[in-house]
Amino acid sequence: ANSANQIAAGEVVERPASVVKELVENSLDAGAKHIDITIEGNGVPLIRVRDDGSGIGRADLPLAVIRHATSKITQIEDLDHLQTLGFRGEALPSIASVSHFEISSRPEYEEAGLSFTLKGGEEEGLTEIGCPVGTSVTVRDLFFNTPARLKFLKSTATEFGLISDTVGRIALAHPEIAISLTHPQQVVLQTTGRGDLREAIGAVIGYDLARQLIPIQMSDEKWRLEGFISPPNLVRSSKQAQFFMVNGRIIRSPLLSRALAEGYHTLIPAKHHPIAVLHVSLPPSEYDVNVHPTKMDVRFKDEAGLSQFIREAVNAALLRSKP
Ligand code: ADP
Ligand code: MG
């Protein structure tokens, strides 16, 4: 079972940033209002994610980290299903199989918490501990038993950059949750959780920049668009500062990126890109999701219609912002 976990780990856990993503998504699933992330170095020495979510009951804690004996994929048609659900039940066992792993948790209805530790997927101990309601997962020595993975990692700057990018995207997708990212004793990113998107943008890409952004909003029977875009004089040489969420999920979308740029017409110079944080809502029947553990691609049914909608929304926002 452990080698199966390590193989799965190659799929789910590509690098420290993917561990962070999986752990924070679990905190979101658990209904956390506060999520605190601590990183040491490039994430290999330490990744810790603490939340104040539902916690895990005593009986369930070990099960959460042990691969389900009976796989949920029993028939091939389930694969379609799996795509929309993500890789269910894979993340914690995979991460635990390639690290020194500790999970402590307490649900509200229990007096004491439990802490479960594993090394390379082998159980080390299960002990009762005092802890606040919620869950804390600590991952140390990531990939200590998979040297090939370890060798593939880039510099601390690159790996931490990817982590902070991941956390930033999640913070923009969830302005209603207070998220902090700490790297060598320094808070690198912190949102208030007040639900104010402009404020969250400030925390992620800078308050000065956030203040200059233009609100964008449009809706019709099919689509709803909400967020912020930059004025034409505030552009970047990369698309790094473009963030798209579809029904609350972070996605990558060349289509949205193109439609956004087209909305500016000739207002922005060639090879430059607007800054944008766009939340798009649409009926689930309007798109297909292709989930890969490290990214999420969406195929929209009515690409032309959506592009047109985005262009119009951008036009309207730019017009409205004219002094
Ligand atoms: P999945 O999220 O796909 O169910 P995971 O391996 O990521 O699989 O997590 C396994 C299970 O452990 C979850 O289904 C959930 O019940 C529990 N769990 C993990 N992290 C947390 C958390 N932060 N708070 C509460 N429960 C959690
Ligand atoms: Mg999960």
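These legends go with a set of close-up views of one predicted protein model.

The model is predicted, so local features need pLDDT of at least 70 and side-chain atom pairs count only at pLDDT 80 or more, while totals for chains, interfaces and linings use all residues. Residues are numbered from 1 along each chain as its sequence is written, chains are lettered from A and ligands numbered from 1 in the order in which they are written, and side-chain values use heavy atoms, with hydrogens and water left out.

View 1. Helices (H or I, at least four residues) and strands (E, at least two) are DSSP runs, numbered from the N terminus. Of the 323 residues, 48% are buried, meaning under 20% relative accessible area with a 1.4 Å probe and protein chains only; exposed is over 50%, and partly exposed lies in between. A contact here is a pair of heavy atoms within 4.5 Å. Among contacts between residues at least 6 apart in sequence, 67% join residues at least 24 apart.

**View 2. The largest nonpolar core has 42 residues.** Such a core is a set of buried Ala, Val, Leu, Ile, Met, Phe, Trp, Tyr and Cys residues joined through side-chain atoms within 4.5 Å. Look for Leu 23, Ile 35, Ile 37, Phe 101, Ile 103 and Val 139, which have the most contacts inside this core. Helix α2 (residues 16-29) gives the most to this core, with six residues. A second, separate core has 30 residues, including Ile 216 and Ile 310.

**View 3. Phe 101 touches residues from well along the sequence in both directions, among them Val 65 and Val 139.** Leaving aside neighbours within four places in sequence, the contacts of Phe 101 also include Leu 92, Ile 95, Phe 116 and Leu 118.

**View 4. Strand β6 (residues 134-140) is largely enclosed by the rest of the structure, because six of its seven residues are buried.** Two strands pair if DSSP finds at least two bridges between them. Strand β2 (residues 46-51) pairs with β6 in the antiparallel sense over six bridges, and Val 49 has Val 137 as its bridge partner. Strand β3 (residues 100-106) pairs with β6 over seven bridges, again antiparallel; here Ser 104 stands opposite Ser 136.

**View 5. Helices α2 and α7 (residues 156-173) come within 8 Å of each other, axis to axis.** The axes cross at roughly 25°; they are lines fitted to C-alpha atoms, for helices over the stretch in contact, and angles run from 0 to 180 degrees between N-to-C directions. Among the residues making the contact are Val 20 and Val 24 of α2, and Leu 162 and Ile 163 of α7.

**View 6. Five strands form an open sheet in the order β9-β10-β15-β12-β13, with mixed pairing.** Which strands stand at the edges? They are β9 (214-219) and β13 (249-251), each with a single partner strand, so one side of each is left without a neighbour in the sheet. The twist averages 20° from one strand to the next. Helix α11 (residues 303-321) packs on the sheet, touching β9 and β10, and its direction makes about 135° with that of β9.
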